[in-house]
Amino acid sequence: MEFEPVDIDTIDRDELEAVQLERLRWSVEHAYRNVPRYREKFDAAGVAPEDVRTLADVARLPFTTKADLRETYPFGMFAVPMADVRRIHASSGTTGRATVVGYTAGDLDRWADLVARSLRASGVQPGMKVHNAYGYGLFTGGLGAHAGVERLGATVIPMSGGQTARQVQLIRDFEPEVIMCTPSYLLTIADGMVAAGMDPRSSSLRIAVLGAEPWTNELRLEIERKLDLDAVDIYGLSEVMGPGVANESVTTKDGPHVWEDHFLAETIDPETGEPTAPGEIGELVFTSLTKEAFPIIRYRTRDLTRLLPGTAFPAFRRIEKITGRDDDMIILRGVNLFPTQIEELVLGIEQLTPHFVLELTREGHLDALTARVERHPDLDRATCEAAAEVLRQRIKAHIGASVAVVIAEPGELPRSEGKLQRLRDLRDRPVGTDVP
């Protein structure tokens with residue numbers, strides 16, 4: 001299938017929505033005709049592809065969830081013969097069966113275009129060197145970013161994740177202007193630079209294209225201060241495509257613009273499934289418009305955000321920075337909170353570092369939460385203990401939950417080498433078990 005490219009700088013909203021409707025009708029028909037799971041779900045819901053006459057009619061279609069992907073494992077959601085599939089990616093499967101996605105040659109071509117578009121929005125230019133520290137392999141991040149760098153006409157350094165000392169050495173030796181990785185791992189690299197006797201602000205890096213985990217604007221400011229660069233948010237998930245579904249503009253840094261010529265975005269109430277009002281926070285839902293091997297219809301991402309009008313690219317709506325996933329939410333004695341909320345408060349106290357973990361335990365019949373935060377290495381413990389009390393009070397005042405705060409020594413907590421797990425659920429451990 002051929003899809004005419006659009007000019008993202010000049011297209012207006014009406015023109016974009018006309019493109020979306022044409023492609024939505026194609027994608028829904030393609031999925032219904034070629035994927036038995038979609039045909040079963042549509043028939044059970046009493047809807048057919050011809051019922052999609054406007055963009056609003058997408059709300060009549062049934063949702064797709066990760067359960068659909070796992071129950072049709074491995075290739076039951078593919079809409080083309082295996083002979084037409086050129087690449088397969090998959091999730092780690094740590095919480096169940098892996099979710100498997102496939103790409104035709106056309107899918108890979110469009111994916112590279114969208115990552116290149118995202119990099120261009122981030123300020124990356126042809127000829128720049130890009131240090132790619134996203135993981136390669138079945139994870140979509142490494143290879144997805146790699147293809148986009150090459151499509152843009154920049155030079156990719158395919159480092160992958162881990163081996164932090166080697167990362168630092170190559171950044172020093174190769175002098176890339178751009179780095180792509182998770183925000184938490186960039187902090188680990190910055191710590192590695194300090195350990196190697198290198199001032200992170202003196203490196204060649206000028207742009208960081210960061211994604212694959214929720215991160216706050218406060219963490220952006222910390223990264224930019226520590227490394228003297230522009231930190232920009234790239235958004236994606238493997239079930240929808242991979243990196244490059246949406247991206248911030250380096251000129252505005254006000255949330256990723258969704259590339260809506262390829263993805264139809266909605267927000268819904270995660271409890272009822274009903275659409276949220278414009279500008280209200282809800283669960284982000286995506287329908288692919290141009291995917292051949294693996295069309296996805298109304299996929300529930302579990303990411304919580306809201307859709308806002310476009311700025312740098314006026315026709316394309318933005319998503320507000322992801323505050324968390326509704327399945328990452330901690331309900332602590334009736335109070336809902338996300339790790340990113342505590343991250344914002346930690347980063348507001350200069351005596352503390354961005355390195356922290358949350359430990360969820362059970363005291364009797366009630367859950368308890370402890371924040372372990374590393375102190376600043378240049379300050380004495382007493383000063384940092386006082387800062388811990390400030391953090392505890394701010395958590396109580398701003399979030400409404402009572403959280404214990406424990407000061408950890410510099411280097412005590414695990415460092416990210418990819419996606420960082422902020423939350424340790426220790427509720428099933430016997431009392432007195434050591435924390436790993």
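**The second largest cavity and its surroundings**

A: Tyr-103, Asp-107, Arg-110, Trp-111, Leu-114, Met-241, His-262, Phe-263, Thr-290 and Lys-291 line the second largest cavity. The model is a predicted one. The space in this cavity comes to about 70 Å³. Helix α4 gives the most to the lining, with four residues. By class, the lining has five nonpolar, two polar and three charged residues.

Arg-110 is one of the lining residues. Its side chain meets that of Glu-292 in a salt bridge, at 3.3 Å from N to O. Arg-110 sits in helix α4 (residues 105–121) and Glu-292 in the loop between β11 (282–288) and β12 (299–305), so the bridge ties together parts that are 182 residues apart in sequence. Arg-110 is buried, with a relative accessible area of 13%. Glu-292 is buried as well, at 12% relative accessibility. Both values count as buried because the cut-off is under 20% relative accessible area.

Now the other salt bridges. The structure holds 35 of them. One joins Glu-320 to Arg-306, with the closest N and O atoms 3.0 Å apart. Glu-320 is in the loop between β14 (318–319) and β15 (324–325), and Arg-306 is in the loop between β12 and β13 (307–308), 14 residues apart. Glu-320 is partly exposed, with a relative accessible area of 23%. Arg-306 is also partly exposed, at 27% relative accessibility.

Glu-374 and Arg-415 make another bridge, the closest N and O atoms being 2.7 Å apart. Glu-374 belongs to strand β19 (residues 366–375) and Arg-415 to the loop between β20 (404–408) and β21 (423–425), so this pair ties together parts that are 41 residues apart in sequence. Glu-374 is buried, at 2% relative accessibility. Arg-415 is partly exposed, at 27%. Elsewhere, salt bridges link Arg-13, Glu-17, Glu-260 and Arg-317 in a network.

The whole structure has three cavities of 30 Å³ or more. The largest cavity has a volume of about 100 Å³. It is lined by 13 residues, and His-355, Pro-414, Ser-416, Leu-420 and Arg-422 are the closest to its centre. Elements α7 and β18 each give two or more residues to this lining. The largest share, four residues, comes from β18. The lining of the largest cavity divides into seven nonpolar, four polar and two charged residues.

Helix α8 gives the most, with five residues. The pocket lining has 11 nonpolar, four polar and 11 charged residues.

Last, the surface. Phe-75, Met-82 and Ile-88 form a nonpolar patch there, with about 240 Å² of accessible area together. Met-82 is in the loop between α3 (66–71) and β1 (87–90). Met-82 counts as partly exposed, at 40% relative accessibility.

Terms used:
Residues are numbered from 1 along each chain as its sequence is written. This is a predicted model: local features need pLDDT of at least 70, side-chain atom pairs count only at pLDDT 80 or more; totals for chains, interfaces and linings use all residues. Side-chain values use heavy atoms; hydrogens and water are left out. Ala, Val, Leu, Ile, Met, Phe, Trp, Tyr, Cys and Pro count as nonpolar, Asp, Glu, Lys and Arg as charged, and the others, Gly among them, as polar. A salt bridge is a side-chain nitrogen of Lys or Arg within 4 Å of a carboxyl oxygen of Asp or Glu. Buried means under 20% relative accessible area, exposed over 50%, partly exposed in between (1.4 Å probe, protein chains only). Patches are made of residues with over 30% relative accessible area and no salt bridge: like charges are joined within 9 Å, nonpolar side chains (Val, Leu, Ile, Met, Phe, Trp, Tyr) within 5 Å. Accessible areas come from the Shrake-Rupley method with a 1.4 Å probe; for residues, only the protein chains shown count as cover. On a 1 Å grid over the protein atoms alone, a cavity is a set of points where a 1.4 Å probe fits but cannot get out, and a pocket is an open set with protein on both sides within 12 Å along at least five of seven lines; lining residues have an atom within 4 Å of a point. Grid points are joined across faces, edges and corners, and a volume is the space filled by probe spheres set on the points.
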